[in-house]
Structures are given as structure tokens and as C-alpha cells.
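Hi,

Here is the structure I promised to pass on to you. Have a look at it first, and then read on for my notes on what turned up.

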Amino acid sequence: MQAQLELLGGPRLLLDGIKQDLSINRSLLLASYLAFQADWVSRDEILTVFWPQATEVKARQSLRALIYQCKKMPYAFAFAFEDQQMRWLGQTDISAFQEAISKGQWQKAVELYSGAFLEKVQSDDSSAFNSWLEQTRDELLSAWRNGALLVAKEDIALARYNPAINLLEAVLYSDFLAEDVVQLSMRAYALAGQKEKALKTFEVFRKSLLKELELEPVEATLELAEKIRTGLLEPSVKLADIPGPTQERLSQASFLPQALTPFVGRTLELLELSQLLKQENTRLITLLGPGGIGKSRLSLQLLREQKSNFLDGVYFVSLAPLRSDHEVPDAVASALQLRLSGEARVAEEVFSYLANKSMLIVLDNTEHLSGIALFVKRLLEQAPKCIFICTSRLLLGLPNELVYDVVGLSVPSVHEESSLDAYDAVQLFIRTARRVRSDFSLQKADYPLVIELCQFLEGMPLALELAASWVRLFSLPDLYNELRKDIDLLEATAQEVSERHTSLRKVFETSWTLLNSEQQRVLAVISVFRGGFDLQAVHKITGASPRILLSLVNTSLLRTTSSGRFSILEVIRQYAAEKLVQDQELLDGHAEHYLGVLASLTDNLKGDSPKSSLTIIENDLENIRTAWHWALERLRFDLCYDASESLFVFLKEKARYQEALTLLKEARKVLANHPNAKLQMLLAYKQGACYYDINDYSLARALCLESLALAKTLNDSVISLRNILVLANICNALGDYDQAFYYAEEALALAQQLGSEDLIVRSRDLLAMIEEFRGNFATSEEHYRFVLNFHRESRQKLELVRALNNYGCFLNDTARPGEAKPLFLEGLELVENAGLNAYKAFFREGVGNSAYLLGDFAEAIRNTEQALILYIEHGDSEGQAVTQTILANSYLAQKEFKKATIYAKQAVHLCKAKDSRRKLMTTLLAWAEISLAQDDLTTATTLLTIVKNHGASKKVCKEAAETVAKRYSLQLLPKISDDELDTLLTAFLNKQNSLNLS
């Protein structure tokens with residue numbers, strides 16, 4: 001049997017040439033990724049692509065689960081799995097397309113391009129896979145576009161006008177504002193004798209350009225339209241008028257920033273750096289040079305070329321936007337797409353993750369961070385297989401630092417006019433000029449001027465790009481004269497001037513003088529933004545119009561992103577900030593806007609569809625941090641209070657607990673000198689909740705008690721209730737059910753005093769769980785039913801989902817699986833219809849457990865395995881432990897003792913790691929049953945004794961332990977103290993430290 005994956009316009013699977021109807025799932029995505037690579041791919045690369053934010057252990061568990069699913073697929077025979085690598089053995093349509101591209105066979109490539117790469121796969125920008133997918137789509141589309149233009153130009157030259165017109169229309173469909181394509185399309189129509197269509201194409205483009213960008217076509221387009229209108233068009237085509245496609249093979253998937261412009265030159269530098277990387281003792285290279293010299297682009301290109309030489313990948317970490325040293329670990333973790341567990345400091349998690357990795361990592365723009373040398377030193381010590389490259393204007397001063405001086409691009413001498421194309425500085429200038437003016441070209445008479453200009457700017461890339469961006473406004477001689485009036489790149493600056501501006505200050509000053517007063521004002525005021533901004537924000541805060549912003553985009557001082565946001569180079573932003581007179585009203589407006597946006601998202605974050613709100617916060621997190629710091633500095637505690645809920649919901653959702661705690665500690669430090677009881681109360685509660693989430697129950701309790709005392713003083717019953725609920729959960733987690741019950745009852749009484757139905761329901765939901773654990777099943781069920789009925793009537797989908805799951809679990813725990821299963825099936829249908837994918841695992845687990853209790857072990861295993869895969873993907877270790885316990889019981893019922901033991905051991909391991917003793921008791925009960933089935937009475941007796949007597953055991957677990965003991969006539973140990981039980985439990989768990997979990 002032969003398998004073929006069609007990736008262009010797909011994915012589509014053909015088995016022996018017959019199309020198969022398949023749903024798009026993770027198995028098919030893995031097959032597509034491997035098929036695109038057309039070679040062996042390391043498992044570590046797959047982990048990084050599909051689970052970039054998970055810990056290594058969780059990611060490898062997810063990969064094992066995915067491989068298990070792949071082996072069940074009808075195309076399983078086309079996979080090849082080895083210990084550390086895998087590949088797709090079947091055929092694929094992408095290889096022929098890529099081969100045609102690499103050989104420059106553009107006609108063939110255009111014919112093979114049957115649609116966008118993996119067109120049927122929807123990308124939500126939530127993973128490294130989707131980043132790779134979007135980048136690969138763009139690269140393949142760009143290659144097809146370039147090929148289509150070349151083919152169209154050749155067709156026109158050979159008077160094959162209709163095929164050319166069809167191709168050009170297809171290109172314009174994907175990019176209707178591509179002026180170079182519009183020009184060629186007009187020419188093709190005119191030469192084909194379709195003058196009216198040529199002019200209509202021009203008019204449609206002109207109106208679209210005016211509507212979308214408030215711009216007029218360039219002079220070359222206007223002249224072409226006039227020639228067509230007057231019948232003066234010459235029937236010839238200059239192929240050089242349109243930039244051709246690259247002959248280089250399309251890049252493979254990477255996790256590097258997508259450059260907005262092509263990389264130019266640096267052949268010698270790349271060769272020298274690659275040789276340095278091969279030297280045995282190379283661990284740290286510093287690319288040293290002034291701002292704007294091209295260190296970042298050089299390092300990024302080096303990463304692209306070195307991808308295949310580092311087993312665990314290459315990564316680029318931008319440090320330019322950071323304000324202080326403590327933000328560096330977060331930036332590194334983000335670039336590595338590391339999913340933080342929230343259980344340790346971010347730096348320690350980064351060091352642990354890198355310990356056994358073979359990576360090449362660039363730390364870009366380190367000079368403004370005073371403590372960076374110490375952090376890099378720790379990286380070198382903790383990650384012995386990694387090589388680090390720092391781009392900087394200052395040396396780090398570390399003993400093993402290799403310094404590589406980065407100078408300007410190669411510049412020709414005056415007498416080398418005949419070989420201008422061989423010089424990188426000229427190439428960069430011409431490419432940039434053509435980007436802003438599609439009709440820009442060099443004449444023979446311009447050669448000396450271009451040489452002088454490149455020499456004058458010393459081949460400095462950013463200076464060349466800024467100079468070339470002005471050709472839209474000036475002729476080449478006028479531009480050169482303007483630059484010469486007041487530019488001296490070699491001029492020494494005063495000590496108080498930032499090193500960042502040493503080389504480019506005069507270039508920027510010249511750029512500044514070319515702006516009108518409104519452009520200058522806007523460029524200065526937008527320096528308050530960090531990490532980009534959108535049109536709505538900049539207009540609201542600064543009053544800048546789209547027209548003025550686009551005029552700045554045209555001068556390359558401002559850039560637009562594919563998502564429609566604006567960005568400004570950090571070095572330009574800092575220069576512009578110096579032009580801004582301290583404007584507290586502007587900064588207040590910035591803080592009010594971004595913290596106001598946060599405050600407005602609170603309900604959405606807690607509703608049914610929080611994803612869009614999370615994306616909004618993620619995009620503007622740098623602005624939000626800046627706004628938070630400014631509000632604290634200005635003592636605008638009202639802004640911080642209103643925004644805090646959304647901010648910390650976001651940080652909790654992303655498991656960025658250490659960042660949350662840092663912000664909270666900074667705020668509380670300000671409050672120590674400027675007391676504000678209301679904000680102190682709220683932040684102490686938030687801090688306590690954060691510590692609860694990372695299982696630091698001691699600090700969590702102390703902070704919640706502090707907040708509770710302030711809340712009572714301020715008569716803030718809502719914050720009081722929220723603190724009490726956290727305290728109840730702390731006691732519940734520790735197995736202190738009586739104290740948990742006391743707090744929950746207090747919360748309910750307070751909610752009833754407030755008359756808040758939502759808080760009453762929330763309190764009764766917690767009481768239901770606590771009463772169940774205490775064994776008061778009738779009272780517990782009364783609460784569960786009340787909560788479920790309330791949410792059925794309120795039509796709050798998210799809350800109804802939780803209520804269905806909680807009540808279903810209760811029914812299973814009380815041996816009523818026949819009643820529980822319909823609730824889980826109802827919930828499963830609800831989450832699938834509402835797109836609440838994060839909750840599928842709960843209901844698959846519930847259906848699986850119900851099936852187990854009903855004796856349908858095959859259904860139990862099928863549903864529970866699906867739940868386990870989802871829990872692994874979500875990084876939910878407690879959910880994994882529960883499902884593994886169900887699987888252990890199910891396999892035990894089928895007398896598959898080996899599988900049952902493996903799952904039980906894995907569950908115990910996870911419970912121990914999380915100190916989740918309540919769930920551990922359920923797992924120990926399953927292990928005891930497994931031990932009895934294998935005649936290990938000693939282990940079974942020990943475990944049943946622990947479960948029967950331990951305070952963390954639910955009543956149903958205690959009763960089950962007694963039932964099992966009676967069934968096997970076991971004499972359990974007499975009731976012993978909690979200290980003795982803990983000693984017994986610790987001794988058993990210590991035996992499991994070296995588990996073989998394979």
C-alpha cells in the first residue's frame with residue numbers, strides 16, 4: 001500500500017491513489033510536518049514544535065500519547081519511529097514544488113501550486129506549530145508569487161497575453177495593492193488589445209490605494225496609464241523592472257523572528273562566525289559594534305544557517321524592550337516557548353530546561369542591562385552544551401568571551417563602478433529604495449553618487465535603509481546633498497549621550513528635520529508605546545491620524561505588521577523619546593487607556609470565550625507593564641485597582657506566577673510608603689491566590705488573612721468572601737476538611753448577607769465538595785443539585801459545564817454511574833458545540849470512569865486515554881493522575897497487571913510531585929487492589945491502612961479500603977496517629993523514587 005500526503009491546498013491523504021476522508025487532528029498534523037521536512041526529524045524538535053511551553057517531562061508524555069494515536073491511524077504504516085527521531089515514509093506533493101523552486105523551474109512550480117500550504121488547517125497563533133505553519137505558508141506563497149511574475153513576464157515578452165493575464169489576476173487576488181503587479185497587468189491587457197480593461201485595472205487600484213492607505217500611485221504607474229490612454233505604450237517588457245525570486249531553496253521550519261526585509265551580504269562574516277562555532281572551546285561570542293551596524297540581523301541570519309547543526313534548535317531572544325534585569329528570564333523563557341510550571345523562579349526553570357540541551361541562542365541587545373553578565377555566566381554554567389551569542393555595544397567582561405567586531409557592509413571605491421553589484425552596501429541601498437519606489441533604478445550617471453553615499457555612511461545598514469527610504473521624497477542628488485549638510489557619523493559624542501546613539505544620532509537628526517511639525521509631534525509622542533500598538537490606541541492617546549502614521553511608515557521610521565499593528569524600532573523609539581518634552585498628561589493618557597482596556601476585559605475573561613481577550617492582553621503586555629509602573633509612580637491607585645483583576649487572570653492563565661508576584665511585590669513596596677488600604681487589601685488577596693496556585697499554602701494563608709483583616713476594616717464583603725474561599729480551598733487541599741467546612745459556611749453566610757446569587761452559588765459549590773469529602777452525601781448532593789439547576793436557568797455555559805462535571809463526579813463517587821454518564825455526555829456535547837476545548841478532558845474522564853464502574857472496560861479505556869492525552873497537552877498533572885488511576889483500575893479488571901501497575905506508578909509519581917494527598921489516596925487504593933491481584937498482601941495491607949486512616953482520605957475512600965480489606969480477610973493495622981501515618985506514607989513513596997515509567 002502507498003500513502004501520499006498532498007500539502008498544497010490540503011492536507012489530503014491518498015491510499016493507493018484513493019482519497020481518504022479524514023478529520024484534521026494532531027496525528028495528521030504530525031504527518032504533515034514530517035512530510036514537509038522530507039527527512040528524519042528529532043523527537044526534541046517535535047517537542048519544541050507541538051508543545052513549546054510544556055516542561056520536558058510533560059512534552060515527552062504528550063509525544064508518547066501522540067505516537068500511540070498515530071499507530072492507530074489507517075496511514076500508520078507510513079510513519080517510521082526510532083528512539084530519538086521519526087519521519088514520514090510516504091510520498092508528498094511538496095517535494096516536487098520545492099525541487100522546481102530550487103532549480104528555478106518557475107512554470108512547473110506555478111502549475112504545481114494547487115493552493116495554500118495546509119490550507120484546511122486553521123491557525124490560531126497559539127503554538128510553535130502554528131507559527132511555523134504561517135511562516136511556511138508565507139514563504140511558499142511568496143515563492144509562487146515570484147514565479148508567477150517571472151512566468152507572466154516571459155509570456156508577455158512572447159506575446160502570450162491571456163495566460164499572463166490569468167496569472168497576474170491570481171497574484172492580485174492575494175495582494176491587490178501590489179503596485180508592481182498592477183503595472184504588469186495593465187501592460188498585459190494593453191498589449192492584448194484590451195485597453196479598457198487595462199485602464200479599469202488602473203482606476204480600481206488607484207481608488208483602493210486611496211481608500212486603504214490615503215496614497216496616490218507612484219509616478220511610473222501614472223505615466224504607464226497615460227501611455228496606455230494615448231496609445232503610446234511600447235510593446236516591450238524589461239524583465240528587470242520587477243524583482244525576481246530567489247534561487248535559494250525555501251527555508252525549513254524555524255522558531256526565529258520573521259525578518260521584514262531580505263538579508264543582504266555578510267558572506268565573510270558568516271563564514272568566520274561559523275568557523276568560530278566549530279572551535280572546541282567556543283561557548284560565548286559577543287558581536288560588538290555601534291547601534292545600527294547590523295549585529296541583530298547578522299546574528300539572526302547566522303541562526304538560520306546553523307539550524308541543522310544544533311540538535312535542539314536555534315533561538316533568538318530580544319532584550320531591547322526590557323526595562324530591568326529581572327525581566328530577562330521571562331524574555332528567554334518566552335523565546336524558548338517554554339511552558340512554565342509556576343513552581344519555581346523563572347530563571348531556575350530556564351536553567352533546568354537548558355541543562356541537557358544542545359542549542360545556539362542569541363541574546364540580542366544586552367548593553368542596557370547591568371546584571372546581564374551574571375545571568376550569562378549562570379547560563380554558561382548550567383547549560384554546558386549550549387553556545388550563546390550576545391549582540392552588544394559593550395563587552396560583557398567574562399573570561400571566556402570571544403569578541404567579534406561587526407563593521408559596516410562592504411563599500412566600493414570610486415574606480416569600481418563596473419562591479420557595483422558585488423558590494424553589499426550598494427545592494428542594500430538599491431533593494432530598500434525599490435521597496436519604497438517600485439520604479440527606482442540606477443543610471444550609469446548615478447554610480448559615482450551612490451558610491452560616495454555608501455562611503456559617506458560607512459556601509460552602516462540602518463543608515464543606508466533610512467537614506468534609501470527618502471528616495472520617495474527626493475531625487476538621488478538632492479538626498480545626498482541633504483545628508484551631507486549636517487552628518488558626521490565619526491563625530492565623538494559626549495559621555496552623557498547614550499552609547500545607543502553614538503553612530504546614528506546625526507542620521508536621525510537629519511531624518512527628523514525632514515518631517516513636518518505634525519510628523520515630528522507624532523513620532524515623539526508614540527515613543528511612549530512599548531512593544532507595538534494598534535491604530536485605535538495611538539489615535540485615542542495621541543490624536544494621530546491614519547494618514548500621518550502612514551507617512552511615517554513611508555519614511556521607515558514606523559513599521560506595520562501583518563496583524564495590522566504598528567511597531568517602531570527600539571533605537572528609533574529611544575531617539576524619538578528624547579524629542580518628547582516630559583508630558584505627564586500624555587503618559588497619564590497612556591496608562592489610563594491600557595489599564596482601562598484591562599478593566600473592560602474582566603467579564604470577557606471569565607466568560608465563555610476568553611481567548612480573544614487573552615490575545616489582546618498578550619499583544620499589549622509591554623504597554624500594560626509600562627502603564628502599571630507609571631500608574632504606581634503617579635499614585636493612580638484607582639487605575640491599578642480596576643485593572644488588577646484582568647491582569648492577574650491573564651498571568652494565571654499563562655502560568656506566569658513569578659511575573660505576577662513580581663508586579664504585586666513592586667506595587668506593595670510603593671504602598672508601604674504611600675498607604676492605600678483598598679489597594680493593599682486587593683493586592684494581598686491576589687498575592688495569596690498566586691501562592692495558593694503554586695502550592696505555597698503557608699504564604700497563601702498569611703496573605704489572605706492579611707487581606708481579610710483589611711477587608712473587614714473596610715467593610716468590603718466581596719473581598720472578604722473571596723479570601724475566605726481561598727482559605728477554604730487551602731484547608732481542603734491539605735485534607736483539613738473540618739476547617740475547610742468552617743470557612744465555606746462563613747463564605748455562604750456572607751454571600752447570603754450580600755444577596756449575591758453568584759457568590760451564594762460559588763460558596764455552595766465549594767460546600768458540596770467539602771461535604772462530599774466529609775461523607776455527608778445527602779447534604780453534598782443537595783448543594784450540587786442547587787448549583788446545577790441554577791446554572792441551567794442562568795444559561796451561563798462555562799458555569800453549567802463546571803456544574804455538570806462536579807455533580808457527575810459526585811454520582812460516580814457514590815456508585816451511581818448510570819446517573820452520572822448522561823451528565824458527562826451532555827457536558828461533552830456542550831463543550832464541543834461551544835468550542836470550550838479546554839474542558840473536553842473532564843468529560844472524557846467522567847465518561848471513562850462511568851464506563852469503568854458500569855463494567856464496560858473497553859469504553860472506559862478508550863475515553864480515559866483521550867482524556868489523558870488532553871490533560872498532557874494542557875499540562876494538568878492532577879488530571880493526568882486521576883485518568884491514570886482509572887486506567888489502572890480498568891486494566892486491572894481485565895487482568896493486565898503490567899499496564900495497571902505502570903499507570904498506578906505514574907499516578908503516584910504525579911501526586912507526590914504536587915503533594916496532592918487527597919488524589920493520592922484514590923491512587924493508593926487502586927495500587928492496593930493491584931497488589932492483592934498479584935498476592936502482595938504486605939503492600940496491600942500497608943496501603944489500605946494508610947487510606948483507611950489518613951485525614952486526607954475522602955469518606956468513600958475510607959469505606960472502600962475497609963470493604964477491600966474484609967473481602968480479602970486482611971487485618972489492617974490499628975488506628976495510628978497522623979505522624980505515624982505520614983511516616984508510613986513517606987516510607988512507601990520513597991521506594992518509588994526510581995520508577996521505571998516506560
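**Aromatic groups**

Tyr75, Phe79, Phe81 and Trp88 make up one aromatic cluster. Please keep in mind that this is a predicted model. Searching the whole structure gives 24 aromatic pairs. One of them is Tyr807 with Phe810: the ring centres are 6.2 Å apart and the planes are at 20°, so this pair counts as stacked. Both residues belong to helix α37 (residues 797-813), where they are three residues apart, about one turn of the helix. Tyr807 has 6% relative accessibility and so counts as buried. Phe810 is buried too, at a relative accessible area of 1%.

Phe824 and Phe843 give you another geometry: with centres 6.4 Å apart and planes at 65°, the pair is edge-to-face. This pair links distant parts of the chain, since Phe824 sits in helix α38 (residues 817-834) and Phe843 in helix α39 (residues 840-853), 19 residues apart. Both Phe824 and Phe843 are buried.

Lys678 lies over the face of Tyr641, at 4.4 Å from the ring centre. The charged end of Arg764 is placed over the ring of Phe786, 3.9 Å from its centre.

**Nonpolar cores**

Which residues touch the most other members of the largest nonpolar core? They are Ile526, Phe529 and Trp628, in a core of 89 residues. Helix α33 (residues 717-733) gives the most to this core, contributing ten residues. A second, separate core has 75 residues, including Tyr75, Phe97, Phe205 and Ala225.

Back to Phe529: beyond its neighbours within four places in sequence, its contacts are Ala537, Val538, Ile541, Thr542, Arg573, His590, Tyr594 and Asn623.

Strand β10 (residues 360-364) is mostly covered, and five of its five residues are buried. In a regular strand, side chains alternate between the two faces of the sheet. In β10, Leu360, Val362 and Asp364 point one way, while Ile361 and Leu363 point the other way.

β10 has partners in β9 and β11. Strand β9 (residues 314-318) pairs with β10 in the parallel sense over five bridges, with Val314 opposite Leu360. β10 and β11 also pair in the parallel sense over five bridges, and here Leu363 stands opposite Cys390.

Thr391 is part of strand β11 (residues 387-392). Is Thr391 buried or exposed? Thr391 has a relative accessible area of 0%, so it is buried. The side chains of Thr391 and Asp364 are joined by a polar contact of 2.5 Å. Apart from neighbours within four places in sequence, Thr391 has contacts that include Leu287, Lys295, Ser296, Ser299, Val362, Leu363 and Asp364.

Leu944 lies in helix α44 (residues 937-949) and is buried, with a relative accessible area of 0%. What does Leu944 contact, leaving aside its neighbours within four places in sequence? The answer is Leu925, Ala928, Leu932, Ala961, Val964, Ala965, Leu970 and Leu972. Leu944 and Glu962 are 18 residues apart in sequence, with their C-alpha atoms 7.6 Å apart in space.

Methods: Residues numbered from 1 in each chain as written. Predicted model: local features only at pLDDT ≥ 70, side-chain atom pairs only at ≥ 80, totals over all residues. Heavy atoms only, no water. Core = buried A, V, L, I, M, F, W, Y, C linked by side-chain atoms within 4.5 Å. Buried < 20%, exposed > 50% of the residue type's maximum accessible area, 1.4 Å probe, protein only. Helix = DSSP H or I, 4+ residues; strand = E, 2+ residues; numbered from the N terminus. Contact = heavy atoms within 4.5 Å. Phe/Tyr/Trp six-rings, centres within 6.5 Å; stacked < 30°, edge-to-face > 60°. Lys NZ or Arg CZ within 6 Å of the ring centre and 35° of its normal. Polar contact = N/O pair within 3.5 Å; in protein donor to acceptor, adjacent residues only side chain to side chain. Pairing = 2+ DSSP bridges.
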